[in-house]
Amino acid sequence: MRTNYRINSGVRFEMLSQDQLQELFDGVLHVLENIGLEVHHDEGRDILKNAGAWVDGKRVRIPQYLVKRSLEMAPRSFTIYARDGNPKHDIHIGPGRAHFGPGPTPPNFIDVETQERRPYVKDDARIVATVVDALPNIDFCESLGTISDVHPDLAASYEFAEMFPNTSKPIVAWSYGWDDSEDIHKIAVAEAGGQDAFERRPNYVHYCEPLSPLVSTFEAVDKLIFAARHRVPLIFTPCPLAGGTAPVTAAGIIIQAAAESWMGLVLAQAIQPGVPFFMGGVLSVMDMNAMILSYGAPELALMMAGATELAHFAGLPLWQTGGCTDSKVLDEQASLEGSISCFFSALTGGDLCHDVGYTESGITGSILQTVMMDEAIGYSRRITRGIEVNEDTLATDTIHNVGPNGHYLYEEHTHRYFKTEFWYPNLCDRHNFEEWEAAGKTKMRDRVIERTRDILSSHKPSAIKPATKKAIKEILEAAEARVKDKQ
Amino acid sequence: MSEIYEQIATGILEGNVPKIPELVQKALDEGLNANDILNDGLVVGMNEVGNRFKSGAMFIPEVLKSAKAMHAGQELLRSLLAASGAAQTGKIVLGTVQGDLHDIGKNLVGMMCEGAGFEVIDLGFNIEPEKFTEAIKKHQPNIVGMSALLTTTMRAMGYTIKAIEEAGLRDKVKVMVGGAPVDAEFAERIGADGYGHNAVSGAELAKKLVGAA
């Protein structure tokens, strides 16, 4: 036993000081109390007013005490459960735990067979879910696209219905509004075994997106109300562009995004005290030349790190962003931008890091990018796991055994640790030139494509219950009937 | 096919160093032929080790443990195999060349070659050309293996081959070379008979050079 001995488990990363975080925190409170946001939802405004917010037309201002009380009510640690009870697929949200997954809604997808960019179709949701289910470093699922080959109002319903049977990793569900949110929830509840069972073991997270600057849209609020009423863990995540729809400075965009997100926090906690809530915000720059929201900019990683520290300071988990790129193809740029944001995200411990697999600045989803980033995340996680220091890892006895001019390959110590101390790549090639040559001189992209195809031809996700299969069919039939007369 | 062969092969695969001599002895006690124990048990296991290593399912510390177990089994069979007139795999003289003190790679090759059934005479490191020629005269190996890690010392491999030629011993031995900076082209240029890019391929090359693979 030692006294006064401190252990750093993993790599420590800290950007902002407590003083700076307090200043950001006070900035958010100031925006919410003095500037306020527009809330385009009558019932939402009523709920906020009853909770203590000041409502003036559409403008809603929230006093500091109410924000602080809402922060108190939201949990910092909780679990999102695998639908099949596989504990390896559960996600434990809490300090120091970073999780990764794809993102929602790009219109296009990179075809796995042809590598061509084309509209996202229904079967792509199955492909994404199956690959996500198999990848060791991807923890949750999103679709990487908006289904184009079904009735437009049902894109989200079909998306969830395709993904749910093909992965038991928790899904972050996106939807347009109340009706498709309900379709999604019914599927999840059917598998969980009823609403009560779902509340005890929630198996998906709901995603709502308000508008920057400072607008809670009707759809975002409607979806939030649905999720909160049904006790679905939820994300309220704006997508501000620094210099466009948010201040150009990192500190400025962080407080605006937090204010936009915490409007959702206050509303959700007013409806359902204690409902798990992720602070959101995809924070990046509007490129002043290309006029895009950059998903590969260093400022994205930086601003997201600041937002993560603020969320954790306030006691909330964060919806992180990483593994994404502005590149149009699976190339060196995609690898560079994606890997660095993954590593940075892993360092921050941002709780759910999404958009792993976004390319072309979020316009095209690519499961190939996700597969490549799975490697970058594994790599990052080995580093963030850090160095374990104890009597056994110091290995003085083993050093003594081997002595000068010996070797460690026969040592029990080596055998005990070589698989856990070292990270082994799935995609990075470490063979010597001759072996690499003999294996076909493959490039990273070749191996990414091959691995993706291997997974798709061999991976079998665990099955959903037969009753859920039946429920999905009925839910989709009812949904079709609902929209059959709509254009 | 006796069940014991399968146990021996599994023991090799697991790298079970204490268990293998026990199993080999048991097989001998059952009256099984030494040559069959080698080929249907030990070699079957070691071949599978090679396959698994190449596919990435086994790692070098595990392979070496298997090689050690293999060696322990073969030691027990050696005199019997010699008496029965069965061909031995061969004898190898190994050394890191003059000026170079790096020997983990060479040691690995030695361990793998022992696992492949060779008798290995390890000269150590920083071995002058004359020491190699003396060792050839003394031990009469089938193969001489040389290793170097440094680009500055790899040239000593060429000098050593020249010394072997000048001593009139070149046609008596095969020469194999290895080490991080060495490649097939270099091996050919200095007149070696082969090059292995790692310990496993080194042992395979050795078997090939003596016609055992």
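In the predicted model, the domain assignment of chain B, an automatic or database one, gives domain 1 (3-83) and domain 2 (90-209). The centres of domain 1 and domain 2 of chain B, taken over C-alpha atoms, are separated by 26 Å. Eleven residues of domain 1 of chain B are in contact with six residues of domain 2 of chain B, contact requiring that the C-beta atoms, placed from the backbone, lie within 7 Å. On the side of domain 1 of chain B that touches domain 2 of chain B, the largest share, eight residues, comes from H4(B). Residues are numbered from 1 along each chain as its sequence is written, with chains lettered from A and ligands numbered from 1 in the order in which they are written. Local features need pLDDT of at least 70 and side-chain atom pairs count only at pLDDT 80 or more, whereas totals for chains, interfaces and linings use all residues.

In chain B, five strands form an open sheet in the order E2-E1-E3-E4-E5, with parallel pairing; strands are DSSP runs (E, at least two residues) and helices likewise (H or I, at least four), numbered from the N terminus, and two strands pair if DSSP finds at least two bridges between them. Strand E3 (residues 143-147) of chain B is joined to strand E4 (residues 174-178) of chain B by five bridges, and Ser147(B) stands opposite Gly178(B) in E4(B).

In chain A, nine of the twelve residues of H8(A) are buried, a residue being buried if 20 or more other C-beta atoms, placed from the backbone, lie within 10 Å of its own. H8(A) is followed by Arg231(A), whose phi is positive, near 50°.

Methods. Contact = placed C-beta atoms within 7 Å.
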